[in-house]
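Dear colleague,

Please find below the structure that I am handing over to you, followed by an account of what was found in it.

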Amino acid sequence: MKKRFALLLTLLLALGMVLSACGGGKNSAGDKGSGKEKPKQEFRVNIKTEPFSLHPGLANDTTSGTVLRNTFEGLTRIGMDGKPELAMAEDYEVSEDGTVYTFKLRDAKWSNGDPVTAHDFEYAWKWALDPKNESQYAYQLYYLKNGEAANTGKASLDSVGVKAQDDKTLVVTLEQPTPYFLELTAFYTYLPINSKIAQKNPDWYKNAGEDYVSNGPFKMVTWEHRNKIELVKNDQYWDKDNVKLEKITMHMIEDVNTELSMFKKGELDWAGAPFSALPTDSIEQLEKEGILNIKPIAGVYWYKFNTEVKPLNNVKIRKALAYAIDREAIVKNITKAGQIPAMAAVPPSMFPENEKGYFKDNDVETAKKLLEEGLKELGYKDVSELPVIKIAYNTDEAHQKIAQAIQDMWKKNLGIKTELENEEWAVYIEKLHRGDYMVGRMGWLGDFNDPINFLELFRDKNGGNNDTRWENPQFKQLLIQSQKERDPEKRLELLKQAEKIFMDEMPVAPIYFYTNAWVQKDNLKDVAISGLGDVQLKWAYFE
Amino acid sequence: MLKYILRRLASILLTLFVIVTITFFLMRIAPGNPFTSEKRLPPEIEANLNAHYGLDQPWYKQYAQYLVKVATWDFGPSFKYKGQTVNDLIADGFPVSLYLGLEALFIAVFFGILLGVFAAVRQNSWIDYSSMSLAVIGISVPSFIMAAVLQYIFAIKLQWFPIATWGSFKHTILPALALAMMPLAYIARLTRSTMLEVLNNDYIKTAKSKGFSERVIVYRHALRNSLSSGHLLFGPADRQHHYGKLCHRKNFRHPRSWRPLCAEHYQPGLYGHHGRDHFLQHHPLACRIVG
């Protein structure tokens with residue numbers, strides 16, 4: 001017996017030694033006592049999951065975006081004020097018709113010292129559009145001339161509208177005038193790739209190492225898959241004087257309660273959005289403690305109506321349903337993270353006046369009137385004849401609570417009978433896309449800070465993400481016009497008009513606008529969070 | 001003996017085959033595809049992706065290819081993490097799982113027997129009561145709750161250990177402890193009852209009457225005879241660990257342990273711009289099938 005114990009013990013000790021050797025045994029307790037004058041410029045955060053891919057052309061998720069935005073830099077970068085500013089580009093010119101952009105690049109270097117050239121941009125964009133590379137976000141580049149055609153194999157890559165005239169000049173030709181193109185060039189699918197390295201080593205992006213080079217404020221030195229990522233300041237970065245953080249550690253801890261505990265214990269400098277999330281039930285307490293930060297982001301939670309099934313084919317019924325929802329109550333009692341009741345489609349980060357919206361929240365009286373009229377139009381005598389309305393959502397506690405609340409409101413306020421049905425995500429999304437539902441919840445986030453994000457999906461009845469089967473020629477016309485309008489003010493006006501039509505027809509009932517909620521170290525300053533909820537650490541520092 | 005071993009090996013292979021087949025077809029029947037998300041992919045790109053992962057082939061071809069691949073220990077590319085293979089994920093995760101499992105097993109066996117012996121020798125004393133109530137707690141509290149409690153006491157309040165992450169030996173103690181609690185409790189209770197049984201045997205009385213010291217009787221005679229049944233527990237205890245580890249990934253975020261195997265393999269990632277959270281809803285089932 002003793003022998004077996006001894007064997008087990010030895011085995012364990014041996015394993016322990018191997019493992020501690022692997023871990024490097026880093027203890028970052030370090031210089032805590034060195035006084036207030038010089039805080040350590042090291043930022044520790046949790047990003048929750050392993051990023052899908054740290055190749056700019058393959059990334060398609062927020063986690064990858066969070067890393068890439070800090071390690072790479074595009075022609076433009078979203079500045080502290082939320083507006084695009086020149087980054088890799090030093091200067092640019094737009095042709096008279098708004099379809100040709102000529103960018104002059106600044107003298108910048110990759111983290112290995114190679115110069116960043118226009119060829120790196122051309123290579124990267126064409127790489128993402130090349131169908132054999134299977135980029136799921138290639139459609140972000142469909143604004144380029146022949147982008148879509150090349151990606152679907154109908155045109156050659158050579159015909160795509162991006163050309164390096166020389167090392168420092170990039171000429172971009174667009175399919176049509178795109179007023180928000182400088183927003184797009186800050187997006188991660190538009191980031192450059194060091195073409196010299198990528199051509200030599202096609203696997204360059206799979207791990208940190210000599211070949212993983214970037215051109216942004218930070219460079220990645222460690223990538224332990226599903227464990228952590230470490231970034232350090234990139235001393236080759238052209239604007240390195242404005243970068244103050246020396247090191248960023250990104251853990252991947254799935255449990256948000258653990259994350260919050262680590263923050264409270266001082267093992268993390270940040271907990272919550274946009275890197276990860278706060279546990280919903282902790283938010284009230286954190287707010288009471290006065291340490292909660294809340295910022296609205298470009299996202300909306302809405303209920304889609306299938307406008308082809310009775311009685312939802314009737315505008316008045318749809319409106320009645322939308323008006324009879326008490327959003328304030330949902331936000332206060334269910335979601336509880338400072339969400340903003342939504343009575344409009346486009347988030348206030350793009351249309352500030354939409355904090356008020358197009359109608360009154362919880363307007364039961366008007367709802368009743370509309371219901372009455374709607375019933376008449378459809379030939380029903382009273383509410384009891386109305387078919388049961390099915391509310392669909394994907395299985396999730398929060399969605400369920402909201403659905404139950406709305407079910408209750410519709411019953412109490414309008415006397416409408418409803419049924420709840422929930423489904424697993426994959427089943428649910430298929431059903432919605434197929435049009436096999438009556439009312440269904442959905443969330444929508446913008447890819448870039450422009451209202452078009454929230455309107456375009458309803459342009460075509462059978463567009464990939466419309467789901468409501470709603471279409472309106474006037475609405476469509478306004479969107480098409482807005483694409484051609486070069487005066488930004490006038491363009492926003494056109495989009496505003498389109499939104500008005502949309503809200504008048506109510507193919508969706510908006511519920512609330514999303515917010516980011518987080519807690520952070522007091523002395524951490526200048527973490528830039530854009531209207532989209534994207535985060536940049538370029539300017540961040542500890543005071 | 002050889003025949004027995006061969007028979008067992010054959011039955012393992014058969015079981016694995018059945019499991020692989022069932023999971024394959026379950027996943028085929030499940031609606032949606034790995035690329036489902038709010039933002040629909042352009043059909044051409046989806047077709048490319050399907051071709052890359054072999055999803056455009058008829059099911060029987062996919063099944064045959066899958067069997068061949070599994071047999072040659074090639075689980076294919078990961079849907080969830082571009083550029084990584086499922087083999088990579090297993091290679092990453094398995095050592096951590098093994099290490100944690102062994103550590104937990106060691107804790108469970110060592111302290112389980114210790115508690116059991118003390119309780120039996122001092123039957124109905126405070127030692128007996130307290131170690132047996134400890135055992136009841138261990139059995140009735142699931143390890144993911146135990147993990148949260150341990151985190152709260154030892155990491156947040158006492159600050160002896162890090163709350164989560166992975167790196168040094170210190171990081172392994174809390175999760176191993178949480179994993180060990182349930183088997184520890186079983187072993188303690190079993191050791192106690194068999195010890196009591198053995199202690200009432202005639203030969204113990206004989207030994208006592210011969211004047212052997214208590215220590216000699218307990219260790220030489222009683223314990224040795226009780227342990228033969230304690231061994232039986234290694235099997236179940238070990239299986240416990242695999243369930244336990246699923247929770248552990250959540251609580252302590254041991255970044256690499258079992259889950260990738262289950263998740264990657266049997267539920268192609270429902271990955272998308274917003275679809276990520278929903279992915280998580282899918283794997284517990286798959287994991288249990290494998291576990």
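Predicted model: local features only at pLDDT ≥ 70, side-chain atom pairs only at ≥ 80, totals over all residues.

Helix 13 (residues 283-290) of chain B has the lowest mean pLDDT among the elements of that chain, 28, while helix 1 (residues 2-29) of chain B has the highest, 89. Over the whole of chain B the mean pLDDT is 74, and 76% of the residues reach 70 or more.

Chain A has a mean pLDDT of 90, with 93% of its residues at 70 or more. The scores for the model are ipTM 0.71 and pTM 0.80.

As to its secondary structure, chain B contains 13 helices and 0 strands. Of its 291 residues, 40% count as buried. Among the contacts in chain B that link residues at least 6 apart in sequence, 72% join residues at least 24 apart.

One residue of chain B was examined individually. M146(B) lies in helix 6 (residues 143-157) of chain B. M146(B) counts as buried because 22 other C-beta atoms lie within 10 Å, and the cut-off for a buried residue is 20 or more. Leaving aside residues up to four places away in sequence, M146(B) touches V141(B), A178(B) and M181(B). Between M146(B) and I107(B), the C-alpha to C-alpha distance is 15 Å, with 39 residues separating the two in sequence.

In chain A, attention was given to helix 9 (residues 315-323), which is mostly covered: 8 of its 9 residues are buried. The buried residues are K316(A), I317(A), R318(A), K319(A), A320(A), L321(A), A322(A) and Y323(A). Against which elements do the buried residues of helix 9 of chain A pack? Their partners, in chain A as well, are strand 12 (293-305), helix 11 (364-378), helix 12 (397-414) and strand 17 (508-520).

With kind regards

Terms used:
Residues numbered from 1 in each chain as written. Chains lettered and ligands numbered in written order. Buried ≥ 20, exposed ≤ 12 C-beta atoms within 10 Å, placed from the backbone. Helix = DSSP H or I, 4+ residues; strand = E, 2+ residues; numbered from the N terminus. Contact = placed C-beta atoms within 7 Å. pLDDT = per-residue confidence, 0-100.
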